[in-house]
Amino acid sequence: MTEIVHADRALALIGGEPNDANLRRYLHGIPGVDAVGLQQRAAGLGTRSIKTTSKAWALDRIIGLIDLTTLEGADTPGKVRSLVAKAVTPDPGDLTCPRVAAVCVYGDMVPHAVQALGAAHGEIAVAAVATAFPSGRASRSIKLEDTADAVAAGADEIDMVIDRGAFLAGRYGQVFDEIAAVKEACRRADGTYAHLKVILETGELNTYDNVRRASWLGILAGGDFIKTSTGKVSPAATLPVTLLMLEVVRDWYRLTGHQVGVKPAGGIRTSKDAIKYLVTVAETAGEEWLTPHLFRFGASSLLNDVLLQRQKVATGHYSGPDYVTID
Amino acid sequence: MTFLDYAPAPESQAVLHLRDEYGLFIGGEFRAGGGTPFASINPATEKQIAMIAHANEADVDAAVAAARKAYTTTWSKLSGSDRGKYLFRIARLLQERARELAVAESLDNGKPIKESRDVDVPLVAAWFFYYAGWADKLDHVGLGASPAPRGVAAQVIPWNFPLLMLAWKIAPALAAGNTVVLKPAETTSLTALLFAEIVQQADLPPGVVNIITGAGDSGVPLVGHPDVDIVAFTGSTPVGRAIAKSTAGTRKKVILELGGKAANIVFDDAPIDQAIEGIVNGIFFNQGHVCCAGSRLLVQESVHDEVVDRLKARLSTLRLGDPLDKNTDIGAINSAAQLERIRTLSDVGEAEGAERWTAACEIPANGFWFAPTIFDNVSTSHRIAREEIFGPVLSVLTFRTPAEAIAKANNTPYGLSAGIWTDKGSRILAVADQLRAGVIWANTFNRFDPSSPFGGYKESGYGREGGRHGIAAYLQGATK
């Protein structure tokens, strides 16, 4: 039902069928982005000084927003079990430490992740990358099959990639249709949907104007989240790009009252950086976005740095890499 | 508590070692002034920071004499490269003591530490580095056959960027071979006196830089002193006018950088989020105590409502409070007198029928504060659209066509700066060409660089500071 409302709303905004011409008219009518100004604003937000109680809160919240990720060709069921164990008990020395939001794995690892999570599945979600991640260079039917397969195996969230080639060639209708089709492939037998994160791969889109248009496109086509990157292309997440995407979800919310999430992924490795993102979320979209439903970090090494900082806040001194576990 | 109530993050004052009282800096030494000392207060708490000496006419005489002596005996005889060495040394010392200077500036002026730390002090050092590089090149850069210094410079600066204005004045004057007597504004003498310590530390020959403190009654005899060769003033247009009158018919070269009522023009195709940031930076930077502030927002009628809505939302996130807290966006108004002026003009704006909106923020119990305020539906005939408020108050006017925007932007006795926001490059060039303002920013605002000349048209003054023009003013026979 909500999906139909969403689709109607999108069509009303676009002013017709989501074909190349209508989408182009809409997306190119959105005000442009001044790169220097955007970077300046991001740098300004990065100078916020988060200390004492605010820092303690921020560190715990960052952990709760992490999609703990392993996306390697070398992944094995054993590696995934280890990742899940870390997700469930990030700091064995401090059981008050919050758990991460989700684990993020390749589609074929979903059954292992679900099994390893056991009763914790639900509190911790399983996200699967799909649609021929990371390049997305496969036929539509393969992408849909990839998605449906992961959902059937128990994935709660699907991280899809858009067809950057089609986007850059101006075939917006094709990108739109594909996102909408993947969304349908997220539908479970009981009629509910796995959450859909739409990866824009901003490093390949190259310009901020493209990122803004792709963000709108991802939202119009029904994405629950827009996500910066696969982590396989450099640059991955940057603060200016994330700020820009947060401005889009804020504008979408003002326009429709509907909240869409943002997930920066790749390249965020330190607590200091992650806190800059929290500040940017809170001062752009609003503090209510700082929940797992609306904001995630896609990261693998970030968690341990946050744990080290958390130990520092608790004990007053730094420990070291031997005092946090590797997954 | 919510996350956005960031925990206090005060900058430490431990780096700052202030004396209880400061004398005048004349001939390389601090000495008592002839007038009655006055207190410099912290505008955020109204507590006294230090007692400051008050220069009388005899002190002014002594300072000008010290500058003259230093000019004739040492400074004008030094080679350019030697002058450059001293200036580079000062620049490095400014960087070394950057944190201390930033804390002192925020304490004395009320501006947020993030601005004094990230804008004021880095620019101060940049100005000295930049003009240090000019000192040994003056004969070879098209300034005339052998450009010579003018002599003794009398320099009077305002309270809005105390140390930065000092740098704008002293760096080019010294690079060109002049000696200076500088008077900071009476409410913000502190960093000029710390600069005097740096001058001592750099072992600059005595008398090359003299700092005298006091109010207008110290400035008038300085500007009027017969042995002064060049007068440089930054401040209000009425005082600038008085200086122009008092120096008319004398040999003195005069540089005036006065008030402004800049138009910030937002076209309907502007990059909207960055334009909002630019509007905020244009008028709420340094509490609006900026002569080139974008105090008149000219917004195209078709996007007026959206711009104003977004602006209000953005202003609601600004954090007003303790200038020394690293998260403060809006600090204190510099003085009770300035606060009164802002209040008076704002009341006039309301009485004249403009629609007032003020960001909801808690005002501290002590100190001088004014919450960010927007006046919508302002007409060109309103006083708040014509007079310089010099505070965090924005007047919003609309236009329908580029021609109307240009006409309204130019319809002011001032002409210091302007801003243009559009995604269309050709429009930037076409509009900039017709604006009568000394500095025009395109898709940005309030950006400064030592290599860029700064100064006004019309009642915003004459002469340029910064770049080649900035040093030419301090040289005799320099071809512009």
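Helices, as named here, are DSSP runs of H or I with at least four residues, numbered from the N terminus. The model under view is predicted.

**First stop: the end of a helix in chain B.** Select α9(B), residues 272-284. Just after this helix, N286(B) adopts a positive phi of about 55°.

**Second stop: chain A as a whole.** Display chain A as a cartoon; 14 helices and eight strands make up its secondary structure. Its radius of gyration is 19 Å, close to the 20 Å that the globule rule gives for 327 residues, so chain A is as compact as a globular protein of that length. Along the principal axes, the C-alpha atoms occupy a box of roughly 60 × 45 × 35 Å. Of the 327 residues in this chain, 53% count as buried. Among its contacts between residues at least 6 apart in sequence, 74% join residues at least 24 apart.

**Third stop: the contact between the chains.** Select both sides of the contact, which comprises 23 residues from chain A and 21 residues from chain B. On the chain A side, α3 (35-45), α4 (52-64) and α13 (271-284) each contribute at least two residues. The most comes from α4(A), with five residues. Coloured by residue class, the chain A side divides into nine nonpolar, seven polar and seven charged residues.

Definitions and conventions
Residues numbered from 1 in each chain as written. Chains lettered and ligands numbered in written order. Predicted model: local features only at pLDDT ≥ 70, side-chain atom pairs only at ≥ 80, totals over all residues. Contact = placed C-beta atoms within 7 Å. Nonpolar A, V, L, I, M, F, W, Y, C, P; charged D, E, K, R; others polar. Rg over C-alpha atoms; globule rule 2.2 N^0.38 Å. Buried ≥ 20, exposed ≤ 12 C-beta atoms within 10 Å, placed from the backbone. Expected span 1.5 Å × (residues − 1).
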